[in-house]
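Here is a brief report on one protein chain. Start with the view below, then read on for helix packing, the sheet and the overall fold.

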Amino acid sequence: MDRGDLVPDAVIMGIMKEALASPMAAKGAILDGVVRTTPQADGLADTLATLGRTLDAVLLFEVDEEELVRRLSGRTTCDVCQRPFFGREPGEACGVDGDVPQGTLVRRKDDEPEAIRKRMQVYRDQTAPVIDWYSARGANMVRVDAIGSLEDVEARVHAALGLT
Ligand SMILES: [Zn+2]
């Protein structure tokens, strides 16, 4: 992961199966950051079939590469609570009350420029084909313009899914 590579499919599929079969997912689940490869898409389809569940929608958040690099390279993460921050520098105290000991902000290795470029290439090679995989199977693919504030993007997701 530090190099910008993806977590192996087998690991992701194990976590995914366990999560979807758990009581917490009985009324439904949102998978965030999964699926990222077509073998994972196959694995999710098999898991849902086994569980007698269906996929309601695939959300595709669209952001241009320049904006992605800007976001990732401006991100620091607390080494205790793992919260992400933007516009704050490595070495600053996290400041979240629940942290024991108090966390320090660090730049994750996979947010370094070299790793970001690698992640973009991995996306083009392994994740972009997932869009065609779902399109070819007639999935409810919902494209969301993900440029803008968290509130704006959230409102677009709700509107796209018919949740208001
Ligand atoms: Zn923290």
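In this predicted model, helix α1 (residues 9–21) packs against helix α2 (residues 38–51), with about 25° between them and 10 Å between their axes. Angles under 35 degrees count as roughly parallel, so α1 and α2 are roughly parallel to each other. Their crossing is right-handed.

Which residues of α1 and α2 meet? From α1 come Asp9, Ile12, Met13, Met16, Lys17, Leu20 and Ala21. They meet Pro39, Gln40, Gly43, Leu44, Thr47 and Leu51 in α2. By class, the contact of α1 with α2 holds eight nonpolar, three polar and two charged residues.

Next, the sheet. Three strands form an open sheet in the order β3-β2-β4, and the pairing is antiparallel. β3 and β4 stand at the edges with a single partner strand each, so one side of each has no neighbour in the sheet. Two bridges join β2 and β4 in the antiparallel sense. Here Cys78 stands opposite Leu105 in β4.

| Strand | Residues |
|---|---|
| β2 | 75–78 |
| β3 | 84–86 |
| β4 | 105–106 |

Now the whole chain. The protein chain has five helices and five strands. Along the sequence they follow the pattern α-α-β-α-β-β-β-α-β-α. The C-alpha atoms fill a box of roughly 45 × 35 × 35 Å along the principal axes. Of the 164 residues in the protein chain, 9% are buried. Among contacts with a separation of 6 or more, 58% link residues 24 or more positions apart.

Terms used: Residues numbered from 1 in each chain as written. Predicted model: local features only at pLDDT ≥ 70, side-chain atom pairs only at ≥ 80, totals over all residues. Axes fitted to C-alpha atoms, helices over the stretch in contact; angles between N-to-C directions. Helix = DSSP H or I, 4+ residues; strand = E, 2+ residues; numbered from the N terminus. Parallel < 35°, antiparallel > 145°, perpendicular 65-115°, else oblique. Left-handed = near helix turned anticlockwise from the far one by under 90°. Contact = placed C-beta atoms within 7 Å. Nonpolar A, V, L, I, M, F, W, Y, C, P; charged D, E, K, R; others polar. Pairing = 2+ DSSP bridges. Buried ≥ 20, exposed ≤ 12 C-beta atoms within 10 Å, placed from the backbone.
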